[in-house]
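Subject: Structure for your review

Dear colleague,

Please find below the sequence and structure that I am handing over to you. A description of what was found follows the display.

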Amino acid sequence: MGFRRHGPFQVGDQVQLTDPKNKRHTFTLKQDGVFHTHKGAIPHSDLIGQPEGSVVRSSGGTQYLAFRHLLQDYVLAMPRGAAVIYPKDASQIVGMADVFPGARVIEAGVGSGALTCFLLRAVGPDGHVTSYERRQDFADIARGNVERFFGTEEGGPADNWRLVVGDLVSAIDEIDVDRVILDMLAPWECVDAAAKALTPGGVICCYVATTTQMSKTVEAIRDHGSFTEPHAWETLVRDWHVEGLAVRPDHRMIGHTGFLVTARRMADGVTPPPRRRRPKGTTEEL
C-alpha cells in the first residue's frame, strides 16, 4: 500500500483543505497543479514540501488548514454506488469483531468499499481480505475507492485484497478464515457458508438495517448450531458543544444507522450449552 500517511506533503499525496466554515476539499497534489475555489486559487507548489497542519492562503485571501484526510473523512466523501457503512459502525466492526493484524477476513456485500478500507487497515500487510460483491457496478466503484485511498491506482489493487464478483454462497473458496463480515439484505442465507469457512474461535459479524433483519439473522445463527449465542446491538453517537462554561450536547446526533450481530464459531461436533431463561409470567421475574 503506497499512500504516505506522514511527513511533508509530496507530489501524489492526497490533501484535505478545510476553510473557516469547516468545509473540506480533497485533491491530489501535482507538480504544476492549481486548486481552484470560489475564494481564489491555491498553487499545489504552496503545499509541496510543507508539513501537515500548515495554513495556506488562496489568491482571494482565504486561509485553509491542510492535512492528509483521515479514513473517516474519506469514506463519507468518496463516490458511492451503494450506501456506505458509517465510520461509527465500521469502527465497531473492527473492534467488537476483533479484526487483528494478520487476520484472514471475508467480507460479503462490498458496496462502495468503505468497510473494505477499514478492514485492510486493520489486518495490515500480513493479513488478507477477500470481498464478495454480486453487482459488477458496485464492485467497480469499490475497487476505485479502495485503490484511491491506498494509493494503488497505478500499481493495481492492494496485494492483500481480493475482490470477487459473485454470490458468497456459490463463489466462496476459503477455509480457516478468522472473521466473516456480512453486510447484505439477507445475511441469514450465508450463515452456513460462513460456518464452513471460519476456523474454530472465528467470529461472524452481520450488519443489518432493520429489526426484522436483525431477528432473522440472530435466529439463523442460533439455529445453525455451530456458533455461540449471538450478541446484537446498535451504537449511537452524540457530539458535545464546548465553549468555556457553555457545555451542552449538540442538538443533532448520529442516531440509528444499523444493527450489528456477532457470534463465535465453535469446534466441529460441539453442541452449545442450553441457554438459561427466566420463566415468564411468574413471580421469579420480580
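Is Asp 167 buried, exposed or partly exposed? With a relative accessible area of 22%, Asp 167 is partly exposed, because a residue counts as buried under 20% and as exposed over 50%. Please keep in mind throughout that this is a predicted model.

**The chain as a whole**

The secondary structure of the protein chain comes to seven helices and 15 strands. Its C-alpha trace spans about 75 × 50 × 30 Å along the principal axes. The protein chain has 286 residues, of which 44% count as buried. It exposes about 15300 Å², and carbon and sulfur atoms supply 52% of that area. Among contacts between residues at least 6 apart in sequence, 62% join residues at least 24 apart.

**Salt bridges**

The count comes to 14 salt bridges. In one of them, Asp 167 is joined to Arg 134, with the closest N and O atoms 2.7 Å apart. This pair links distant parts of the chain: Asp 167 belongs to the loop between strand 9 (161–165) and helix 5 (168–171), while Arg 134 belongs to the loop between strand 8 (128–133) and helix 4, and the two are 33 residues apart. Arg 134 is exposed, because its relative accessible area is 57%.

A salt bridge between Arg 222 and Glu 219 has an N to O distance of 2.8 Å. Both residues lie in helix 7 (residues 211–224), three residues apart, which is about one turn of the helix. Arg 222 is partly exposed at 24% relative accessible area, and Glu 219 is partly exposed at 35%.

Asp 268 and Arg 265 form another salt bridge, in which the closest N and O atoms are 2.8 Å apart. Here Asp 268 counts as exposed at 63% relative accessibility, whereas Arg 265 counts as buried at 11%.

**Aromatic residues**

The structure holds three aromatic pairs. One of them, formed by Phe 27 and Phe 35, is stacked, with 4.5 Å from centre to centre and 10 degrees between the planes. Phe 27 counts as buried, with 11% relative accessibility, and Phe 35 is buried as well, with a relative accessible area of 14%.

The pair of Tyr 74 and Phe 149 is tilted: the centres are 5.1 Å apart and the planes are at 45 degrees. Tyr 74 lies in helix 1 (residues 71–77) and Phe 149 in helix 4 (residues 136–150), so this pair ties together parts that are 75 residues apart in sequence. Tyr 74 and Phe 149 are both buried. Together with Phe 150 they form one aromatic cluster.

A ring also takes part in an arrangement with a charge: the charged end of Arg 135 sits over the ring of Phe 138, 3.9 Å from the centre of that ring.

**Helix 2 and strand 15**

Which residues of helix 2 (residues 87–96) are buried? They are Pro 87, Lys 88, Asp 89, Ala 90, Ile 93 and Val 94. These buried residues pack against helix 1, helix 3 (114–123), strand 10 (177–183), strand 11 (198–208) and strand 15. Helix 2 is followed by Asp 98, which has a positive phi near 55 degrees.

Thr 262 lies in strand 15 (residues 259–264) and counts as buried, at 10% relative accessibility. Leaving aside neighbours within four places in sequence, the residues in contact with Thr 262 include Val 203, Ile 204, Cys 205 and Trp 233.

**Surface features**

Val 55, Leu 65 and Phe 67 form a nonpolar patch on the surface, with about 250 Å² of accessible area together. Val 55 lies in strand 5 (residues 54–57) and is exposed, with a relative accessible area of 52%.

His 38 is placed in the loop between strand 3 (34–37) and strand 4 (40–43). At 66% relative accessibility, His 38 counts as exposed. His 38 and Ser 58 are 20 residues apart in sequence, and their C-alpha atoms are 9.7 Å apart in space.

Terms used
Residues numbered from 1 in each chain as written. Predicted model: local features only at pLDDT ≥ 70, side-chain atom pairs only at ≥ 80, totals over all residues. Heavy atoms only, no water. Phe/Tyr/Trp six-rings, centres within 6.5 Å; stacked < 30°, edge-to-face > 60°. Buried < 20%, exposed > 50% of the residue type's maximum accessible area, 1.4 Å probe, protein only. Helix = DSSP H or I, 4+ residues; strand = E, 2+ residues; numbered from the N terminus. Lys NZ or Arg CZ within 6 Å of the ring centre and 35° of its normal. Patch = residues over 30% accessible without salt bridge, like charges linked within 9 Å, V, L, I, M, F, W, Y side chains within 5 Å. Areas by Shrake-Rupley, 256 points an atom, 1.4 Å probe, with all protein chains shown as cover. Salt bridge = Lys/Arg side-chain N within 4 Å of Asp/Glu carboxyl O. Contact = heavy atoms within 4.5 Å.
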